[in-house]
Amino acid sequence: MHPTRPLRFASALTAAALLLGATAPRARADDNIGVYLGGSLGAAQASYGANTFDASGANTGYKFALGVRPLSVFAAEASYINFGRSYGGINYADTYAEGLFALGFLPIPWVDVYGKLGVAEFRTDAYSPFLSFHRTGADLAYGVGAGTNWGRLGARLEYERYEVSHASDMGMASFGLTWVFL
């Protein structure tokens with residue numbers, strides 16, 4: 001990843017958080033407390049070095065999440081993440097993961113600014129005309145995000161990094177919606 005990309009993304013994330021906060025109506029404090037479902041779509045990056053399997057790609061990725069937010073400053077979330085397909089000539093690899101995350105929120109009115117830390121269990125299915133293999137493992141995952149809510153409906157913008165042992169670069173920037181249903 002280019003060294004200025006995280007800085008540019010952090011600036012864009014801060015601007016988006018301020019914009020979300022400026023447009024958010026005054027919501028009740030308990031509107032975002034409870035059990036929620038979420039879905040996100042975004043730009044996924046998956047690269048594998050030549051020593052593993054020479055393939056890389058910037059793809060459209062997606063994520064589904066089920067979470068519980070018992071307090072305004074804490075949530076726990078389980079998610080499914082699909083990074084799309086990465087190519088290297090005639091080789092290609094598909095990677096997806098299931099993750100468990102703890103989210104910590106800053107106590108800022110109208111805007112949810114948060115960090116997340118967890119573990120993700122990965123599966124990569126790699127194919128070429130001469131070789132196919134499957135790699136699995138559980139590795140560290142972390143990220144930052146910002147969001148807001150309008151009653152029980154919320155929107156979030158987040159960036160996540162995944163420290164996958166068999167990949168040289170794995171991350172996703174996404175925009176999504178959440179719905180608190182319990």
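Predicted model: local features only at pLDDT ≥ 70, side-chain atom pairs only at ≥ 80, totals over all residues.
Phe83 and Tyr162 are both buried, where buried means under 20% relative accessible area, exposed over 50% and partly exposed in between, with a 1.4 Å probe and protein chains only. For Tyr162, the relative accessibility is 2%, so the residue counts as buried. Residues are numbered from 1 along each chain as its sequence is written, and side-chain values use heavy atoms, with hydrogens and water left out.

Now to the rings. The structure holds 9 aromatic pairs (rings of Phe, Tyr and Trp, the last by its six-membered ring, with centres within 6.5 Å; planes under 30 degrees apart are stacked, over 60 edge-to-face, the rest tilted). One of them joins Phe83 and Tyr162 edge-to-face, at 5.2 Å centre to centre and 85° between the planes. Phe83 belongs to strand 3 (residues 74-88) and Tyr162 to strand 7 (residues 153-162), 79 residues apart, and the pair links these distant parts of the chain. Strands are DSSP runs of E, at least two residues, numbered from the N terminus.

Tyr162 also pairs with Phe122: the centres are 5.8 Å apart and the planes at 85°, so this pair is edge-to-face. Because Phe122 lies in strand 5 (residues 112-127) and Tyr162 in strand 7, the pair ties together parts 40 residues apart in sequence. Phe122 has 1% relative accessibility and therefore counts as buried.

Elsewhere, ring pairs link Tyr62, Phe64, Tyr80 and Tyr96 into a cluster.

Conventions:
Helix = DSSP H or I, 4+ residues; strand = E, 2+ residues; numbered from the N terminus.
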